[in-house]
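Hi there,

I'm passing a structure on to you, and my notes on it follow below. Have a look at it first, then read on.

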Amino acid sequence: MVKTYLGKMRGEPSRRARPCVRDALWSWIGGFLGMAGVGWLSEAWMASYSLLLIGSFGATSVLLYAAPESPFAQPRNVLGGSVLSALVGVACFQLFGVGWVAAAVAVSTAILLMQLTHTLHPPGGATALIAVIGSEEVHGLAWHFALMPVAAGCTLMLSVAVLINNLARHRRYPVHWR
């Protein structure tokens with residue numbers, strides 16, 4: 001029994017195809033335009049919301065532009081998982097304050113709710129955590145954090161993903177909307 005258990009940890013040999021430069025360039029273009037759009041929106045229109053660029057958007061960009069076929073990158077997951085996780089994070093901050101207990105409850109509850117609602121988006125865990133351990137500016141937004149920056153930023157990045165990913169003949173995004 002122990003041998004079987006430990007044997008699972010060996011893994012399998014990795015079989016990787018050659019990297020596709022064309023795909024990597026499309027991913028770069030999408031990542032640049034998505035993050036530039038969120039940054040521009042933050043700077044130009046929402047001077048009071050300088051935190052529109054949150055860390056979890058970097059991970060969302062990887063999914064949207066480098067793995068657009070991933071179930072985690074589909075619009076329902078990106079928007080639903082991110083907003084739901086932001087709401088959970090805010091609730092945990094308001095109930096428990098800042099600390100490891102609030103962080104653990106926020107991330108685990110976000111995972112649970114994303115799984116139950118079929119909106120699993122791994123960067124959502126980071127979004128929930130940011131709502132708990134973020135700056136005073138993040139905490140000052142309270143429930144608005146879910147709308148601005150999270151929903152607005154995700155909507156903008158999703159729009160870029162739909163436009164850029166479908167310019168390439170070999171890409172299709174989204175795979176599904178629901």
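Which kind of contact joins the side chains of H170 and D23, and at what distance? They are joined by a polar contact of 2.6 Å. A polar contact is a pair of N or O atoms within 3.5 Å; within protein, one must be able to donate a hydrogen and the other to accept it, and residues adjacent in sequence count only if both atoms are side-chain atoms.

A word on the background: this is a predicted model, where local features need pLDDT of at least 70, side-chain atom pairs count only at pLDDT 80 or more, and totals for chains, interfaces and linings use all residues. Residues are numbered from 1 along each chain as its sequence is written, and side-chain values use heavy atoms, with hydrogens and water left out.

Back to H170, which sits in the segment after helix 8 (helices are DSSP runs of H or I, at least four residues, numbered from the N terminus). Because its relative accessibility is 34%, H170 counts as partly exposed (between buried, under 20%, and exposed, over 50%, with a 1.4 Å probe and protein chains only). Leaving aside neighbours within four places in sequence, H170 is in contact (heavy atoms within 4.5 Å) with R22, D23 and W26.

Enjoy exploring!

Terms used: Helices (H or I, at least four residues) and strands (E, at least two) are DSSP runs, numbered from the N terminus.
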